[in-house]
Amino acid sequence: MANVNNKTLNLVYIGAAAAIIAVCAWITVPIGAIPITLQTMAVCLVAALLGWKKGTPAVLIYILLGAIGVPVFSGFRGGIGVLLGATGGYIIGFIFTALLVGIASDKSDKLWVLMLSMVLGVAVCYAFGTAWFMLVYAKNTQPIGLSKTLGLCVTPFLLPDAVKIVIAALLARRLKPLIRR
């Protein structure tokens with residue numbers, strides 16, 4: 001009976017985590033082609049709390065819900081077109097963020113390890129999303145250089161994402177003892 005309860009609890013955690021990411025995606029500050037959202041913070045927090053075995057599936061479920069048309073992405077958007085659009089690479093990049101943060105969270109309870117994993121996870125998300133943005137932008141309009149892309153897609157988000165990482169790490173540190181993993 002305990003195994004069934006544990007599986008049910010895991011499903012509840014994963015579903016709730018996907019919902020948290022969706023709600024955080026809806027909280028946006030439009031600053032250009034790519035809005036500032038709380039998605040990044042939610043992905044880091046979920047992965048830190050649940051580890052990679054539950055945090056990564058939560059992110060995948062969030063992405064799959066959006067892909068089939070449920071309006072879980074920023075601006076209450078959904079559909080495969082969002083994933084294939086200019087910002088889709090950042091959304092897919094959340095998978096790698098969740099993996100890195102989740103693995104670090106599973107291996108260590110130290111705050112600095114968690115924060116470093118979040119910085120690395122967000123950096124990988126930036127890299128994946130920026131490469132995708134350049135590819136889609138060039139396909140739809142004209143080629144765009146790396147420095148211009150970084151100016152549009154990364155530089156405006158460095159400080160907000162640093163703040164979100166600090167908040168996510170502190171919340172995770174406080175909440176992790178309350179989560180039955």
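**Conventions**

The model is predicted, so local features need pLDDT of at least 70 and side-chain atom pairs count only at pLDDT 80 or more, while totals for chains, interfaces and linings use all residues. Residues are numbered from 1 along each chain as its sequence is written, and side-chain values use heavy atoms, with hydrogens and water left out.

**Exercise 1**

Characterise the packing of helix 3 and helix 5.

Step 1. Helices are DSSP runs (H or I, at least four residues) numbered from the N terminus. Helix 3 covers residues 52-67 and helix 5 covers residues 88-107.

Step 2. Two packed helices are described by the angle between their axes and the distance between the axes. Here the angle is about 165 degrees and the axes are 8 Å apart. Axes are lines fitted to C-alpha atoms over the stretch in contact, and angles run from 0 to 180 degrees between N-to-C directions.

Step 3. Angles under 35 degrees count as roughly parallel, over 145 as roughly antiparallel, 65 to 115 as roughly perpendicular and the rest as oblique. Helix 3 and helix 5 are therefore roughly antiparallel.

Step 4. Helix 3 passes helix 5 in a right-handed crossing; a crossing has this hand if the near helix is turned clockwise from the far one by less than a right angle, and is left-handed if anticlockwise.

Step 5. Contact means heavy atoms within 4.5 Å. Helix 3 contributes Trp 52, Gly 55, Thr 56, Val 59, Leu 60 and Ile 63, and helix 5 contributes Ile 91, Ile 92, Phe 94, Ile 95, Ala 98, Leu 99, Gly 102, Ile 103 and Asp 106.

Step 6. These residues divide into 11 nonpolar, 3 polar and 1 charged. In this scheme Ala, Val, Leu, Ile, Met, Phe, Trp, Tyr, Cys and Pro count as nonpolar, Asp, Glu, Lys and Arg as charged, and the others, Gly among them, as polar.

**Exercise 2**

Determine how helix 2 and helix 5 cross, and which residues meet.

Step 1. The axes of helix 2 (residues 39-50) and helix 5 come within 7 Å and cross at roughly 35 degrees. The crossing is right-handed.

Step 2. From helix 2, Gln 39, Thr 40, Val 43, Cys 44, Ala 47 and Ala 48 take part; their partners in helix 5 are Phe 94, Thr 97, Ala 98, Val 101, Gly 102 and Ser 105.

Step 3. The class count for this contact is 7 nonpolar, 5 polar and no charged residues.

**Exercise 3**

Describe the contact of helix 6 with helix 8, then examine Leu 111 within helix 6.

Step 1. Helix 6 spans 111-140, and helix 8 spans residues 158-175. Their axes come within 10 Å and cross at roughly 140 degrees. That makes helix 6 oblique to helix 8.

Step 2. The crossing of helix 6 and helix 8 is right-handed. Among the residues that meet are Leu 111, Leu 114 and Met 115 in helix 6 and Ala 169, Leu 170 and Arg 173 in helix 8. By class, the contact comprises 14 nonpolar, no polar and 2 charged residues.

Step 3. Leu 111 has a relative accessible area of 24% and is partly exposed (buried means under 20%, exposed over 50%, partly exposed in between, with a 1.4 Å probe and protein chains only).

Step 4. Beyond its neighbours within four places in sequence, Leu 111 is in contact with Ala 169, Leu 170 and Arg 173. Leu 111 and Leu 170 are 59 residues apart in sequence, with their C-alpha atoms 7.8 Å apart in space.

**Exercise 4**

Is Phe 73 buried or exposed, and where does Phe 76 lie?

Step 1. Phe 73 is in the loop between helix 3 and helix 4 (80-84). Its relative accessibility is 0%, so Phe 73 counts as buried.

Step 2. Leaving aside neighbours within four places in sequence, the contacts of Phe 73 include Trp 26, Tyr 62, Ile 63, Leu 83 and Ile 91.

Step 3. Phe 76 also lies in the loop between helix 3 and helix 4, but is exposed, with a relative accessible area of 52%.

Step 4. Most residues other than glycine have a negative phi. Phe 76, which is not a glycine, has a positive phi of about 55 degrees.

**Exercise 5**

Describe the surroundings of Ser 108.

Step 1. Ser 108 lies in the loop between helix 5 and helix 6, and counts as buried at 17% relative accessibility.

Step 2. The side chain of Ser 108 reaches the backbone nitrogen of Lys 110 at 3.1 Å.

Step 3. Not counting residues up to four places away in sequence, Ser 108 touches Val 113 and Lys 176.

Definitions and conventions. Helices (H or I, at least four residues) and strands (E, at least two) are DSSP runs, numbered from the N terminus. A polar contact is a pair of N or O atoms within 3.5 Å; within protein, one must be able to donate a hydrogen and the other to accept it, and residues adjacent in sequence count only if both atoms are side-chain atoms.
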